[in-house]
Amino acid sequence: MRTLASLEDSYELCRQVTAEYAKTFYLGTQLMPEAKRRAIWAIYVWCRRTDELVDGPMAATTTEETLDRWEEHLEALFAGHPRDDVDVAMVDTLGRFPLDIQPFRDMIAGQRMDLYRNRYQTFEELELYCYRVAGTVGLMSTAVMGVAPPVITPWNPNPEIIIPNQEAIALGIANQLTNILRDVGEDARRGRIYLPLDDLALFNYTEEDLFKGIVDDRWQELMRFEIQRARKFYAEAERGISILSEDIRWPVWAALVLYRQILDEIERNEYDVFSKRAYVPKWRKMMALPVALLRAKVL
Ligand SMILES: CC(C)=CCC/C(C)=C/CC/C(C)=C/CC/C(C)=C/[C@@H]1[C@@H](COP(=O)(O)OP(=O)(O)O)[C@]1(C)CC/C=C(\C)CC/C=C(\C)CCC=C(C)C
Ligand SMILES: [Mn+2]
């Protein structure tokens, strides 16, 4: 048995992976206090590894059994047994924050869906997928970020502690819907359609149109409809941020505003997600940070 990385080295590895693969989230974590930031990096790496099983270079060899083994690996982490270098940071994080195993299991269930499904008939079906692969990240992050202490008043000396889990899930779903809208073309090239088939039918747009990358009035109306739905989830998430611990409101606002900007870019590209990638330039991201700070202070 070889020696595993030290705790410091393990967190440093997690930091490097997050910085490399998730520029926007990494920017958000840089605004967080040290302990929370490190924990989010460890969780990011676990999520990225889970996604890579069905989406990464080895995805063709992934089966149900691979995911069963990954679930056993997860149980080992929660039992305090790291198996590799990045696990060391994850086990430490699990010891420091009140993380529940269920959202982690749910995310693996979401990746299982990618193994056998490449169509969603209704929005309800898609929403379940989005909860599993992304809403779960909201639950994990909230357990790390924490909530503000409830206000004690003479007329309410024992106020109930409210955890904004629903709003946290909403932010995950909003992010995932944004991903789906940005990546329609890329997913179609892999034979995947995440947009609900009911929605396509509503706008009289067919799977064949989508595979041909046709951008016309029907497509633009369909995209407006989907963008509006994603924005409703962002709006729901906004309502939960003031319940969170004060020291992470700015990073969460930043993550929300930065990710939502992708929808604005899709609009700027006149909904052509087939031949253009909606990309938010760095200067626009930077301009969003003071806006996020202001919101964190006043909302
Ligand atoms: C009350 C309240 C509003 C609380 C805030 C809760 C909160 C911070 C919610 C954010 C949730 C979040 C960051 C969700 C990420 C969703 C996401 C991007 C999921 C990715 C899936 C995409 O799959 P797909 O294959 O379509 O896309 P790719 O081409 O592969 O990218 C995932 C890949 C699943 C795995 C998720 C991740 C790798 C991201 C995990 C992110 C974090 C742990 C960082 C959280 C960041 C901050 C700043 C808190
Ligand atoms: Mn992926």
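Student: Which domains does the shell around ligand 1 draw on?
Tutor: This is a predicted model. In it, domain 1 (1-116) and domain 2 (120-146 + 162-299) each give at least three residues to the shell around ligand 1.

Student: How many residues surround ligand 1, and which are the closest?
Tutor: 31 residues surround ligand 1. The closest are G28, C47, A134, V137 and G240.

Student: Which elements give two or more residues to that shell?
Tutor: Helix 2 (23-29), helix 3 (34-55), helix 7 (123-145), helix 8 (165-182), helix 12 (217-241) and helix 13 (249-268).

Student: And the shell by class?
Tutor: 17 nonpolar, 10 polar and four charged residues.

Student: New topic. How far apart are the C-alpha centres of domain 1 and domain 2?
Tutor: They lie 22 Å apart. The contact takes 24 residues from domain 1 and 20 residues from domain 2.

Student: Which helix gives the most to the domain 1 side?
Tutor: Helix 6, with seven residues. By class, the side of domain 1 that touches domain 2 has 16 nonpolar, five polar and three charged residues.

Student: Which residues of helix 6 are buried?
Tutor: P103, F104, M107, I108, G110 and Q111. They cover an arc of only 150° around the axis, so they sit on the same side of helix 6.

Student: What about the other side of helix 6?
Tutor: Q102 and Y116 are exposed there.

Student: What covers the buried residues?
Tutor: The cover for helix 6 includes helix 3, helix 4 (64-78) and helix 7.

Key: Residues are numbered from 1 along each chain as its sequence is written. Chains are lettered from A and ligands numbered from 1 in the order in which they are written. This is a predicted model: local features need pLDDT of at least 70, side-chain atom pairs count only at pLDDT 80 or more; totals for chains, interfaces and linings use all residues. A residue is near a molecule or strand if its C-beta atom, placed from the backbone, lies within 6 Å of it. Helices (H or I, at least four residues) and strands (E, at least two) are DSSP runs, numbered from the N terminus. Ala, Val, Leu, Ile, Met, Phe, Trp, Tyr, Cys and Pro count as nonpolar, Asp, Glu, Lys and Arg as charged, and the others, Gly among them, as polar. Domain bounds come from an automatic or database domain assignment. A residue is buried if 20 or more other C-beta atoms lie within 10 Å of its own, exposed if 12 or fewer, and partly exposed in between; C-beta atoms are placed from the backbone. The arc is that of the directions from the helix axis to the C-beta atoms. Two residues are in contact if their C-beta atoms, placed from the backbone, lie within 7 Å.
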